[in-house]
Amino acid sequence: MIIDRLYEAVESKGHVCVGLDTDLSYIPEFLLKKHTNISDVIFEFNKTIVDSTADYASCFKVQIAYYEAYGLEGLLAYKKTLDYLREKKEIIIADIKRGDISKTAEMYAKGHFEGDFESDFITLSPYMGLDSIEPYLDYVKNKEKGLFVLVRTSNEGAKDIQFIDTAEGEKIYTTVGKKIQTLGENYLGKCGYSSIGGVVGCTHADEGREMRKTHDKTFFLIPGYGAQGGGADDVAPLLRDGNGGVVNSSRGILLAYKKADGKPEEFGAYAREEAKKMKEAIGNVI
Ligand SMILES: O=c1ccn([C@@H]2O[C@H](COP(=O)(O)O)[C@@H](O)[C@H]2O)c(=O)[nH]1
C-alpha cells in the first residue's frame, strides 16, 4: 500500500510536505530572463526547490491550479515536475480536489493515476458522495495509489458548510471524517493507516485534536502551516506517535527568500533552510 511508503518517509525524513504552488510572481527575475518559455522557467524553479528541500521533505504536493493557470505551457511544467519527482523517487501528492459522478471520476482517475500526469496520491472533494470516490478505489487496492479526501479544510469559510449540524447532531465534517475512516478500513497498510487519508487543516487545532482521537486509521494531509498562520504547536495535536500526517507549506517555503529579503539567486538555499526549520519545529513538539 502506498501509505506504507509515506509512513516510512515520515519516519526517515519528518513531516514536511513541500508545496509546489509555483506562481510566476514567486520566481526571481534572473530565472524569468533566462528562458524564453514559461514551462522551462517554472520547471527550473521547481527543480531547484526540490533539490534544495528533498533532505527535509517526506513528500511534495503539486497544486494543479498554478499550472492550469498558465495553459499548455503550465501543464508542460506540471508534467516535467511530476517526471522529475518520480525520477528522484519522491512521493507526489497531486492537489487536484476533484469530485464528480462516477463515469467522469473514472476519467479523472485515469488522468491522474496513469499517463502524463501520474501521481501517487490525489486530493478529492467528498461533496458528491461516496459513489464519486468509488472509481478511484481499484487504483488504491491494486495499483499503489492513495487518496486524501477533504474533511476539515484550513480556510476561514470552511465553517459555512463543514460546520452545519446534521440530523444525527454532529457537524458535516465529523460525518465526512467518519465515512472516510470506515471506507479507508478496507485499504489499510502494514503501518496501520489507510491509503485513503483526510485533509485536515492546522488552523483549527481544537477540532483537529478531537478528530485525531477518533480517526486512528486516517492519515492526515495537513495544510495551513506558515502563510495561513499555522505553526508547529497547531500541528502537534493532529499527529500520533510521531507519525500520522504530513504538513504542507507552499508559500512559506517558496517565498522564504523574499521574506528574508535575501539574494534572489539563493532562493533554493532559503527554501532549504525554511524546510529544515519547519521539520525541526515540528520534531520539537511531538
Ligand atoms: O484545506 C485546505 C486544503 C488544501 N489547501 C492547499 O494547500 C496549499 C496551502 O498553501 P500555503 O501557501 O502553504 O498556504 C495550497 O495548495 C492550497 O490549495 C489548503 O490551503 N487548505
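**View 1. Strand β4 (residues 121–124) pairs with β5 in the parallel sense over four bridges.** Two strands count as paired if DSSP finds at least two bridges between them. Isoleucine 122 stands opposite leucine 147 in β5. Helices (H or I, at least four residues) and strands (E, at least two) are DSSP runs, numbered from the N terminus. The model is predicted: local features need pLDDT of at least 70, side-chain atom pairs count only at pLDDT 80 or more, and totals for chains, interfaces and linings use all residues. Residues are numbered from 1 along each chain as its sequence is written.

**View 2. Strand β5 is largely enclosed by the rest of the structure, because seven of its seven residues are buried.** A residue is buried if 20 or more other C-beta atoms lie within 10 Å of its own, exposed if 12 or fewer, and partly exposed in between, with C-beta atoms placed from the backbone. Strand β3 is also largely enclosed, as five of its seven residues are buried. Of the 286 residues of the chain, 47% are buried.

**View 3. Strand β3 (residues 92–98) pairs with β2 (residues 59–63) in the parallel sense over four bridges.** Phenylalanine 60 stands opposite isoleucine 92 in β3, and valine 62 stands opposite alanine 94 in β3. Strand β3 also runs parallel to β4, to which three bridges join it. Here alanine 94 has isoleucine 122 of β4 as its bridge partner.

**View 4. Eight strands close into a barrel with parallel pairing, in the order β1-β2-β3-β4-β5-β6-β7-β8.** On average, neighbouring strands of this sheet are turned by 30 degrees against each other, direction ignored. Helix α9 (residues 172–184) packs on the sheet and touches β5 (146–152) and β6 (196–200). The direction of α9 makes about 160 degrees with that of β5. Axes are lines fitted to C-alpha atoms, for helices over the stretch in contact, and angles run from 0 to 180 degrees between N-to-C directions.

**View 5. Helix α3 (residues 38–53) and helix α5 (residues 71–87) have axes that come within 8 Å and cross at roughly 30 degrees.** Helix α3 is therefore roughly parallel to α5 (angles under 35 degrees count as roughly parallel, over 145 as roughly antiparallel, 65 to 115 as roughly perpendicular and the rest as oblique). The crossing of α3 past α5 is right-handed; that is, the near helix is turned clockwise from the far one by less than a right angle. Residues of α3 that meet α5 include Ile42, Phe43 and Val50, and among their counterparts in α5 are Leu76, Ala77 and Leu85. Contact here requires C-beta atoms, placed from the backbone, within 7 Å.

**View 6. Glutamate 144 has a positive phi near 60 degrees, in a residue other than glycine.** Glutamate 144 lies in the loop between α7 (137–142) and β5. Glutamate 144 counts as partly exposed because it has 15 C-beta neighbours inside 10 Å.

**View 7. Aspartate 261 has a positive phi of about 55 degrees, although it is not a glycine.** Aspartate 261 is found in the loop between α13 (256–259) and α14 (267–285). With 6 other C-beta atoms within 10 Å, aspartate 261 is exposed.

Conventions. Two residues are in contact if their C-beta atoms, placed from the backbone, lie within 7 Å.
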